[in-house]
Amino acid sequence: MSDKANGEMLLIGANFASAASGYYNATSILYNTISLSQQLENYREYKNKLVDITGKSNASSRISRGIHLISAGSSDFLQNYYINPLLFTTNTPDTFSDILLNSYDHFIQNLYELGARRIGVATLPPLGCLPAAITAFGHGNNQCVARLNNNAISFNNKLRHRSQRLTRRLSKLKLVVLDIYNPLHTLITEPAENGFAEVRRACCGTGLLETSILCNQHSIGTCSNASQYVFWDGFHPTEAASQILADSLLSSGSSLIQP
């Protein structure tokens, strides 16, 4: 959607994600973000632009050889399900996970029909260890919220199972589940061993809840040594932590870049 997203710039890749969106379309409506279905339409538009630039054959080759990365679900739980009586009184975490995974299944099939063949999908992180989640659901306790982590583990197991089914059904699909949960959990539970000093509070502001536009270099209380923190804001890791996570993902997703 950027003004720069045209011509040669389109040949190096593009980002279609929207912060606070999720597998559940109602989450994107709640936070006025771009839904997964609209992201798919934007992707379709992108593919048509590639055809105009490189021709149909070259565009199809770029799409099929390109790596597609998906990360969603955290907002569906933390910013919708857990705080929305219309959801948590009518669905268990287990049945809500099934709703999300049906959306995921449909999305992967649509991507596949548009030519995508190499897809990496990230698991949920340890939801109960995110600073904002501890503040909101920890009842004054500064420890990870076990209930939320257990929900994430259950979802991730279902995600792996559903992904295996998709791989069996779509013969040319190379679909890899990228584990975010365990590497991030290790950073949180063994910070000193990984070069970090602070895991409960994030670098930005109070470090307990802020995110998005509330977090920038001018936010009151923002730390001056972010590399010592696992979290930048209430939900997202710092650059230092993200580098470690990225290295782990590159290792676990190596099959995506093999011929």
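Me: Is strand S2 (residues 118–122) largely enclosed or exposed?
Reply: This is a predicted model, in which local features need pLDDT of at least 70, side-chain atom pairs count only at pLDDT 80 or more, and totals for chains, interfaces and linings use all residues. Residues are numbered from 1 along each chain as its sequence is written, and side-chain values use heavy atoms, without hydrogens and water. Buried means under 20% relative accessible area, exposed over 50% and partly exposed in between, with a 1.4 Å probe and protein chains only; strands (E, at least two residues) and helices (H or I, at least four) are DSSP runs numbered from the N terminus. Since 5 of the 5 residues of S2 are buried, the strand is largely enclosed.

Me: Which residue of S2 is the bridge partner of Leu-69?
Reply: Two strands pair if DSSP finds at least two bridges between them. Strand S1 (residues 67–70) and S2 pair in the parallel sense over 4 bridges. The partner of Leu-69 in S2 is Gly-120.

Me: What is the handedness of the disulfide of Cys-129 and Cys-144?
Reply: A disulfide is a pair of cysteine sulfur atoms within 2.5 Å, and Cys-129 and Cys-144 are joined with S to S 2.1 Å. The torsion about their S-S bond is about 115 degrees, so this disulfide is right-handed.

Me: Are Cys-203 and Cys-223 buried or exposed?
Reply: These two cysteines form a disulfide, with sulfur atoms 2.0 Å apart. Both Cys-203 and Cys-223 are buried.
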